[in-house]
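Please read these points with the model open beside you.

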Amino acid sequence: MTEVQPVPADRVTPLIQLVDVCMDFGPMRALDTVNLHVNAGEVVGLLGDNGAGKSTLLKVITGYHQPTSGDVIVFGKKTRLASPKVAREFGIETVYQDLALIDELSIWRNFFLGEELCRRFGPIKFMQRKEMRRIAEAELAQIGIRRVRSAEQRVLGMSGGERQSLAIIRAIYFGARVLLLDEPTAALSVRETQRVFTAVRAARDAGHGVLYIDHNIGHTFSVVDRVVLIERGRVAADLRREDTSVEEVVEILGAGPSAENIRRGKE
Amino acid sequence: MSELNTAEIRPPRRSSMALLVRLIQARAFGSAVVIVVLGIIFQIMSGVFISTDEIAGIFVVASSLAIMSVGVAFLMISGEFDLSVGSMFAFTPIVMGELISKSWNPWPAFFVSMLIPLGFGIMHGVITTRFGIPSFITTLGSYFLLDGVSYIVTGGQPVLYTNHVLMFSLFGGSLGFAGLTAPVVWMVIMTGLLAVVLNLTAFGNWTFAAGGRVGVGRALGVPTARVKTINFCICALLAGFAGVTSFASVGSAAPGSGSTLNLIALVAAVLGGTSLFGIEGSIVGTMFGAIIIGELETGLVLVGAPGELYEAMIGGILIIAVLVNLRLRGLGTSLEGFVAKRARS
């Protein structure tokens with residue numbers, strides 16, 4: 001089970017696939033022949049200790065790094081993700097925990113930041129505020145955030161889970177096909193974590209692919225369809241959730257020096 | 001247009017109470033209150049403060065400062081400072097006046113001299129966003145640079161304009177009503193323009209975002225470095241233009257005359273509810289802030305206070321006004337909770 005099977009041609013084309021990706025930083029090999037794919041309508045959990053290569057992998061997929069060797073295949077086509085901007089254009093969207101929202105701004109201003117709906121008058125782009133407000137409110141209501149009375153409210157007044165959810169549904173709204181979630185539930189309460197999972201499942205059910213990166217195995221297991229374990233730059237295992245258990249994952253990762261750390265989850 | 005800061009929580013509509021809450025939460029509200037309170041105090045002390053002539057006088061005094069301050073506030077909302085606006089205010093008309101005295105036509109002289117603030121704006125933007133040097137330092141450098149060069153250019157003598165042309169009436173002439181002058185109109189135009197851009201356009205949204213937590217705007221595709229650079233230019237251009245309006249209405253521009261204005265423009269922005277830490281601020285409020293300063297200047301003369309008191313008063317009022325602003329916002333928030341509770345029951 002430690003080898004990733006290439007996806008057979010008769011099955012769905014993965015939204016994104018890494019084939020034999022290596023990444024060297026000088027003499028150091030951060031990623032070693034990594035094979036990984038995310039299908040549409042699937043949540044893939046990426047587990048591994050600090051320094052295992054999760055962040056490097058994430059940066060390859062988001063276009064911050066170009067792999068030293070190997071291929072990145074997006075929608076079945078070999079692609080060079082030359083920059084984060086290019087990755088975004090391909091519908092690969094990252095939701096960072098702390099870089100997602102501007103607290104002081106209202107919900108609708110955040111929701112449409114960088115993608116404002118506008119009417120042009122010559123060189124000036126006037127925002128269609130009512131329309132943006134309406135859409136933001138409707139999208140929030142759809143995933144069950146009803147505490148928000150108006151999209152004029154500041155993001156500051158939302159809970160951590162509501163904010164993460166807002167960031168996720170915004171990414172989906174603007175056409176993200178692959179969502180990369182980097183520790184979206186760190187520092188969230190149990191109930192708030194559930195709220196984020198609701199948004200993640202909504203994304204999956206709508207046919208998006210989700211790559212879910214976390215230290216917390218328990219959290220990851222309750223939302224993913226498949227887990228990919230990374231260790232010292234290699235894929236240690238690629239398991240469907242129903243074929244494995246928290247115990248097995250801990251055991252596999254336990255070969256590494258800091259399994260205890262992983263089991264407890266990073267605080 | 002009334003500029004209610006849309007970032008504020010908006011209570012349910014259709015209630016007069018809710019309307020009051022929205023008014024109190026508007027950033028410009030605190031400075032409006034200070035204007036009225038100061039007006040009443042000066043009226044009681046002098047007996048002649050609230051009259052058409054005096055109010056017009058306040059506007060005239062405030063106008064050039066306001067044109068400069070709204071640019072400062074706009075830049076501050078995007079998270080940067082410009083401490084050289086006063087020096088730009090003094091230097092731009094000096095160059096223009098020198099060119100005119102070398103028998104340039106006034107219009108080319110105006111446009112060529114406006115290239116100076118434009119150039120400095122671009123420079124501030126590039127140094128700040130490319131090299132990561134705080135704008136506080138960069139523009140402090142420009143302040144001394146501009147002041148120094150203006151002494152060199154003029155030899156320390158004020159520049160006067162030699163012949164009156166249409167342009168001077170347009171920028172600084174009398175409106176023929178209550179002693180109001182053209183800069184008052186320019187103040188309203190520039191304030192309106194910037195308030196519309198800030199609140200109603202995509203660029204305004206990006207300006208807020210540039211002043212928010214570092215990295216978020218850029219992560220979402222907002223070109224924050226470009227936005228900040230443009231805002232440095234807007235700020236410097238408005239400072240230069242404010243200097244020209246002052247030159248056109250007063251008739252002279254003196255080197256070094258802008259040194260205190262560097263900080264007074266900042267004071268006006270803060271009086272108007274603009275935060276030193278970016279993202280929070282009001283353009284209309286900043287115009288009110290400039291009017292407060294004009295009110296002080298006029299009022300202190302009327303009550304016969306010694307001129308030395310002016311700067312001390314500005315300091316005192318600054319602290320009081322910021323406190324008032326804070327308190328009002330707090331009051332607004334608790335009122336909002338009350339309205340929301342009543343709406344639920």
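Predicted model: local features only at pLDDT ≥ 70, side-chain atom pairs only at ≥ 80, totals over all residues.

1. Chain B is built with 14 helices and two strands. Its radius of gyration is 21 Å, which is close to the 20 Å that the globule rule gives for 345 residues, so chain B is as compact as a globular protein of that length. The C-alpha trace of chain B spans about 75 × 55 × 35 Å along its principal axes.

2. The inside of chain B can be described by burial and by contacts. Of its 345 residues, 53% count as buried, and among the contacts in chain B with a separation of 6 or more, 78% come from residues 24 or more positions apart.

3. Where the two chains meet, 20 residues of chain B are in contact with 21 residues of chain A. On the side of chain B that touches chain A, the elements that give two or more residues are α9 (202-211) and α10 (216-219) of chain B, and α9(B) gives the most, with four residues. Sorted by class, this side of chain B has eleven nonpolar, six polar and three charged residues.

4. Turning to chain A, four of its strands form an open sheet with antiparallel pairing, in the order β2-β1-β4-β5. The edge strands of this sheet are β2 (28-38) and β5 (77-79) of chain A, each of which pairs on one side only. From one strand to the next, the twist averages 30 degrees.

5. At one end of that order, strand β4 (residues 69-74) of chain A and β5(A) pair in the antiparallel sense over three bridges. A reader who wishes to find this pairing in the model may look for V72(A), whose bridge partner in β5(A) is T79(A).

6. A further pairing in chain A joins strand β11 (residues 226-231) and strand β12 (residues 234-240), which run in the antiparallel sense and pair over six bridges. Within this pairing, L229(A) stands opposite A237(A) in β12(A). The hairpin of β11(A) and β12(A) has two residues between the strands, and R232(A) in this hairpin takes a positive phi near 40 degrees.

Note on methods: Residues numbered from 1 in each chain as written. Chains lettered and ligands numbered in written order. Contact = placed C-beta atoms within 7 Å. Nonpolar A, V, L, I, M, F, W, Y, C, P; charged D, E, K, R; others polar. Pairing = 2+ DSSP bridges. Rg over C-alpha atoms; globule rule 2.2 N^0.38 Å. Buried ≥ 20, exposed ≤ 12 C-beta atoms within 10 Å, placed from the backbone. Axes fitted to C-alpha atoms, helices over the stretch in contact; angles between N-to-C directions.
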